[in-house]
Structure formats: C-alpha cells, structure tokens
Amino acid sequence: MISQEQNDSLTRVGPGSDAGSVLRQYWQPAALSDELMRGRPVVPVRLLGEDLVLFRDSQGELGLISRHCPHRGADLCFGRLEDNGLRCPFHGWHFDRTGQCVEQPGEPEGSRMHQQIKTASYPVVERNGIVWAYMGVGAPPAFPNLDCFRAPETHVFAFKGLWECNWLQALEVGIDPAHASFLHRFLQDEDPEAGYGKQFRDKAGNTEMPMTKLLRDYPRPEIHVEDTDYGLRLTALRHLDDGRTHVRVTNQIFPEAICIPMSREMTITQWHVPVDDETCYWYSMFTSFDKPVDKAVMRDQRLREHRLPDYAPLKNARNNYGYDPEEQAKETYTGMGLDINVHDQWAVESMGRIQDRTQEHLGKTDVGIIRFRRKLRAAIAAAKAGQFAELPMKNGTDPAAIFGPVCNDSIIADSDWAGAGALSDAERRAGCPWDARV
Ligand code: FES
Ligand SMILES: [Fe+2]
C-alpha cells in the first residue's frame, strides 16, 4: 500500500500535476480517425483534464484548440466550420488551426485586437487510425517504431472504449498476468476457429490446447519483469504437467500503453489515456502479422458493445455489467458474458473512480505493477526537476530505434524461456507481409 499523497501523485493528470507532467511529454491518443469521418469533422476532445475541440480545416489539416472561445467562453464544438478554420457562433470570432484568432467581425472596422488573441492549441498527427496530440513543453518526440506504427494501414485496426475510472488502475490490469486465469476464465472452451478478432480464443502457442483451458488449468504463473528501453517486458511462465512450459510475453510501453498478444495472427497495443482524473479511454491498435485486418468485422463486433458518439460500453455499472449469477455458476468466472473487455472494465471500475491504494495489499503476482510504479515515480521526480531528458524513451534512446516489442505466446519443451519466446516471435516476423524485422 502507498500513502494518499503518493496515490495522488501517481494518478492525477491535470495541468501542473505530477503524473500529468510526465504524460504530457509523450504523444497521446486524442480521437479515432473514424470520429472525423462521421458527419462533419469537428469533435469534442477531453484529454488530461483539458477541454479541446479537434477539427479538420478546408486544407485537410487538423487543429486541436481550446474548446471554450477566448472571447466569453462559448463552446467551439458548435462552431461554424468555414473559411479554413472554426468560427464561434456567438460573435463570429474566427480561429485557424493554430488557435490564432484571425477575424472579429463585430469589432470596429480596422481593429487589430485579434492579433493579440491566440487560444491554446496542440500539435496533432494522424497515424494508423488514431489522431495523436502532444500537450507537453518543448518539441514533440519522434514516434517509436512500434509494430502498430510500422505496419501498413491495411494491417492495423484502431478502436476505443470509455472506462469510468482513473487511467492508472486501467493500465495496471494490463500488467497483471495472473488475472487472466481468473477474471477471464471460461468454464467451457469455444472452438478456436470461431475466435477471430477476440482475445484468448485461439490455441495456446503451437499446440492444440485452447488458451481458455491453459489459463484455467494453470492459474499460478511464474512472472519475470525486465527493464527495456521502452518500458517493461513481462514474461509469465505456466509450467504444464507434461514438463513443457507456456511462455507469454507482454509489455508495458511507457508511460501508459501495453502490448499483448491477441492471437497467433494479431497483437494489441493499447493506451490507457486519461480523459481526466476519474475517466479514461482505452485506445487499441490491433496489428496483424499475417492477412490484412478485416476491419468491418472488427468494427462491427465492437460497435455492438458500445454507444456512439462517446464509445461508452453498453454494459456498465448502471446495468450491473449484465451480471447473471446463473452464467457465473456455469459458464464464466464473472457472470458478465464472454467479452473480456467487460470483465476488465468491471474489475477496474468497481475499485472506485480512483483506487484507494492506501488500503491495497500487493502480492508476488503484482510485480509488474510494483515495477511500473517505481518507473513512474522516477519519471515524476525527473519531470519535477525539469530533467525531461531523463524520461524513458528520451534518455539517450532514439525512439526511431525502438522496434517491436516482442509479444507472443509459445510452448517450450526445455527451460530456455527467453530464447524460445524470441524464436517464436522471429518466426512470425519472418513470415510477415510487411517489414516487421526487429
Ligand atoms: S464567445 Fe465566441 S465570439 Fe463571443
Ligand atoms: Fe484482462
């Protein structure tokens, strides 16, 4: 357990906050490209506790500026998209994508007041289905060469979902390899062939055993955590009765992403980005190392579970996440259906908006969480001292030289788990239609 002061430091994200200052040093997912294609391209964005509006101007360029008009605060999400910018409907002040006010049509003829008016604006770029924003001081960093950014657009599908809790507890479920044996336990195994686009429905590694059975039968993983140039690598070993070992390699990508295997074909790179202190979005990039992603299937599966325009899940605290005690007795560990996202959502939302870590008791399987918090604390201390160059991926490592990460499931016959995991990953990369070499 940690003190209240430490918990506040690790979780709160508004301007000037400890963790918020660290997160602002990295590109953050601000919206899905899909959102700009639905109707007119003006989208409200609340990110790290700041209210913003994202729009595409008539030159096709994106702008991310303060949502409230700097005149008297009206909501620019209702702005008129015209004259290569956004015009406030209240008195017609007009802003370009940099946030500069370029016209005040109600002010006296010849007035130059508008030259002094510039609202907050942040750099944005679009990469493989997501619009990214940089809200920090100084120039934005280069993007790391992660698989999800390197793969062609045909091989990546992006989606997001709203969770009603702080970003850190959302992230921490992703670096906790033990929970999959319980929270996501299915009491029956589904045919792995029917599992396209879903997690834990494939066969385990190169065996005929469904992942569901393996996770159920071997609930005590041996977990190893290593520091890497992008964050942490977690290796969970499940020693099988026949002498073989199941090796699952997952990653924490600093500051708030994870990269995990989804199936033999796809990985998931997922950001847990704060909307504010008490709400977050997960943004996932599903990356295929084989065929192009079937985006229509992937999108339909997920749209059936979410409401637009805010991507709030249909199962939530208001309807008890669809909890069915009968199902809990016979089919699933949670009684909340087969969608593992709902299980994770319940786990992290049911802790309360910001988990009270003064009352927690971490065990051996929480080693990934302990190591991550240590890293975040060190980053906060560096940011407080203005030493931004000491943060992960800025400390002498060229982000462009960060590839991968290695992320897979395999089954090995001997004890060389590090070598075997890398070998099975290399096989997949060698057969990949895009250049996935690391
Ligand atoms: S409040 Fe926006 S122009 Fe007046
Ligand atoms: Fe999970």
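What do the buried residues of H9 pack against? I find strand E13 (156-163), helix H5 (167-173) and strand E21 (312-313), with contact taken as C-beta atoms, placed from the backbone, within 7 Å.

I note that this is a predicted model, where local features need pLDDT of at least 70, side-chain atom pairs count only at pLDDT 80 or more, and totals for chains, interfaces and linings use all residues. Residues are numbered from 1 along each chain as its sequence is written, while chains are lettered from A and ligands numbered from 1 in the order in which they are written.

I looked at helix H9 (residues 340-349) and found eight of its 10 residues buried, meaning 20 or more other C-beta atoms within 10 Å of the residue's own. Among them are His343, Asp344 and Trp346. Helices (H or I, at least four residues) and strands (E, at least two) are DSSP runs, numbered from the N terminus.

I then checked the domains, whose bounds come from an automatic or database assignment. Domain 1 covers 39-123 and domain 2 covers 145-430. Their contact takes four residues from each of domain 1 and domain 2. The C-alpha centres of the two domains lie 38 Å apart.

I looked up an open sheet of four strands, ordered E2-E3-E4-E9, with antiparallel pairing; pairing needs at least two DSSP bridges. Strand E2 (42-47) and strand E9 (121-122) are the edges, each pairing on one side only. Strand E3 (residues 50-56) pairs with strand E4 (residues 62-66) over five bridges, and I see Val53 opposite Ile65 in E4.

Methods. Buried ≥ 20, exposed ≤ 12 C-beta atoms within 10 Å, placed from the backbone. Contact = placed C-beta atoms within 7 Å.
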